[in-house]
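Here is a short briefing to read alongside the model.

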Amino acid sequence: MAARTERGNNQVSGTYFDVWWDEELLFETSKLEAKVILEREEVQLDIDVDTKYTKAKGEGTLVIKMFYTRGMDKYLEAYKAGKDPRGTIISKVKDPDTPGGQEERVKIGNVWLNELILAMYERGTPAEREIPFGFTPKDASFFSTIEKLS
């Protein structure tokens, strides 16, 4: 049996992630989640019931600490004009303890906003915006991944 080579300090920490929105670094990002959700239909095979995915959609949430308006006015004006603007999100995580100095980068294209928060403040609490978004899974890809080193 081979000995385990991973150590606790090799686990990737979100402390070392960056997010770009339309090529602009969002230094104030505190959280990013993006996922592909598969919708499935049942398929009966004799007496067994299996499934097949029939649709895929992308959903996510971006949380930013508020320092700047960050183009929310641009989106509001586009919506008021009947337009549906789209953007691109690129994320990178590069923890200094990752074996071999590897990093993971994900590009998500055709991103749309599901909500536009115009104001959200609470007295005595630093302001942040949670921005739910959607995307088409075929417009998402890994630029680089973190692999196990031999």
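Rings of Phe, Tyr and Trp (its six-membered ring) pair if their centres lie within 6.5 Å; planes under 30 degrees apart count as stacked, over 60 as edge-to-face and the rest as tilted. Ring pairs of this kind join Trp21, Tyr75 and Tyr79 into a cluster. This is a predicted model, where local features need pLDDT of at least 70, side-chain atom pairs count only at pLDDT 80 or more, and totals for chains, interfaces and linings use all residues. Residues are numbered from 1 along each chain as its sequence is written, and side-chain values use heavy atoms, leaving out hydrogens and water.

**Aromatic pairs**

- Searching the whole structure gives 6 aromatic pairs.
- Phe27 and Tyr68 are an edge-to-face pair, because their ring centres are 6.2 Å apart and their planes at 75°.
- This pair links distant parts of the chain, with Phe27 and Tyr68 41 residues apart.
- Tyr68 also forms a tilted pair with Phe67, at 6.5 Å centre to centre and 40° between the planes.

**Accessibility**

- Tyr68 has 46% relative accessibility and so counts as partly exposed, while Phe67, at 54%, counts as exposed.
- The cut-offs are under 20% relative accessible area for buried, over 50% for exposed and in between for partly exposed (1.4 Å probe, protein chains only).

**Around Asp95**

- Asp95 is buried yet has no salt bridge (a side-chain nitrogen of Lys or Arg within 4 Å of a carboxyl oxygen of Asp or Glu).
- A polar atom of the Asp95 side chain lies 2.9 Å from the backbone nitrogen of Asp97.

How values were computed. Lys and Arg count as positive and Asp and Glu as negative; His and the chain ends are not counted. A polar contact is a pair of N or O atoms within 3.5 Å; within protein, one must be able to donate a hydrogen and the other to accept it, and residues adjacent in sequence count only if both atoms are side-chain atoms. Helices (H or I, at least four residues) and strands (E, at least two) are DSSP runs, numbered from the N terminus.
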